[in-house]
Amino acid sequence: MSHLLDPDHLANDAEYAAALGELEDLMLADPDTPAGRRFDELVRLIEDFEARHWPAEVPRLHDVREPPALYGMA
């Protein structure tokens with residue numbers, strides 16, 4: 001079965017949106033079926049696209065530490 005999204009990665013926002021739409025249609029697919037395998041493939045493509053376009057930033061310690069007063073510990 002040939003899909004528009006058969007490449008190794010999603011190249012643009014249109015392909016990303018199409019993958020999200022197809023993924024939503026496959027949410028209830030059984031894992032050991034062609035639809036379930038397609039679901040897994042789409043998840044991998046979407047995660048890869050998101051990692052390339054919106055990389056997770058590790059916060060620096062001083063950015064996440066709050067003074068104790070903000071936690072009611074003052």
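In what order do the elements of the protein run from the N terminus on? They run α-α-α, where helices (H or I, at least four residues) and strands (E, at least two) are DSSP runs, numbered from the N terminus.

## Basis of the model

This is a predicted model, in which local features need pLDDT of at least 70 and side-chain atom pairs count only at pLDDT 80 or more, whereas totals for chains, interfaces and linings use all residues. Residues are numbered from 1 along each chain as its sequence is written, and side-chain values use heavy atoms, with hydrogens and water left out.

## Overall make-up

The protein contains 3 helices and 0 strands. Of its 74 residues, 18% count as buried, a class that means under 20% relative accessible area, with exposed meaning over 50% and partly exposed lying in between (1.4 Å probe, protein chains only).

The accessible surface of the protein comes to about 5,900 Å², and 57% of this belongs to carbon and sulfur atoms; such areas come from the Shrake-Rupley method with a 1.4 Å probe, and for residues only the protein chains shown count as cover. Among contacts with a separation of 6 or more, 50% are accounted for by residues 24 or more positions apart, a contact being heavy atoms within 4.5 Å.

Helix H2 covers residues 34-53, which makes 20 residues, and reaches 28 Å from its first C-alpha to its last, close to the 28 Å expected at 1.5 Å a residue. The expected span is defined as 1.5 Å times one less than the number of residues in the helix.

The buried residues in H2 are Gly 36, Arg 38, Leu 42, Leu 45, Ile 46 and Phe 49. What covers them includes helix H1 (13-25).

## Aromatic pairs

A search of the whole structure finds 3 aromatic pairs, where rings of Phe, Tyr and Trp (its six-membered ring) pair if their centres lie within 6.5 Å, and planes under 30 degrees apart count as stacked, over 60 as edge-to-face and the rest as tilted. The pair of Phe 49 and Trp 54 is edge-to-face, because the ring centres are 5.9 Å apart and the planes stand at 75°.

Phe 49 has a relative accessible area of 0% and is therefore buried. Together with Tyr 16 and Trp 54, Phe 49 forms one aromatic cluster.

## Salt bridges

The search of the whole structure also finds 3 salt bridges, each defined as a side-chain nitrogen of Lys or Arg within 4 Å of a carboxyl oxygen of Asp or Glu. One of them joins the side chains of Arg 38 and Glu 22 at 2.9 Å, N to O. This pair links distant parts of the chain, with Arg 38 in helix H2 and Glu 22 in helix H1, 16 residues apart. Arg 38 counts as buried, because its relative accessibility is 5%.

Arg 38 also forms a salt bridge with Glu 41, whose closest N and O atoms are 2.9 Å apart. Glu 41 and Arg 38 are 3 residues apart in helix H2, so about one helical turn separates them, and Glu 41 counts as partly exposed at 26% relative accessibility. Asp 48 and Arg 52 form a salt bridge with closest N and O atoms 3.1 Å apart; being 4 residues apart in helix H2, Asp 48 and Arg 52 are likewise separated by about one helical turn. Asp 48 is partly exposed, with a relative accessible area of 28%, and Arg 52 counts as partly exposed at 40%. Salt bridges that share partners join Glu 22, Arg 38 and Glu 41 into one network.
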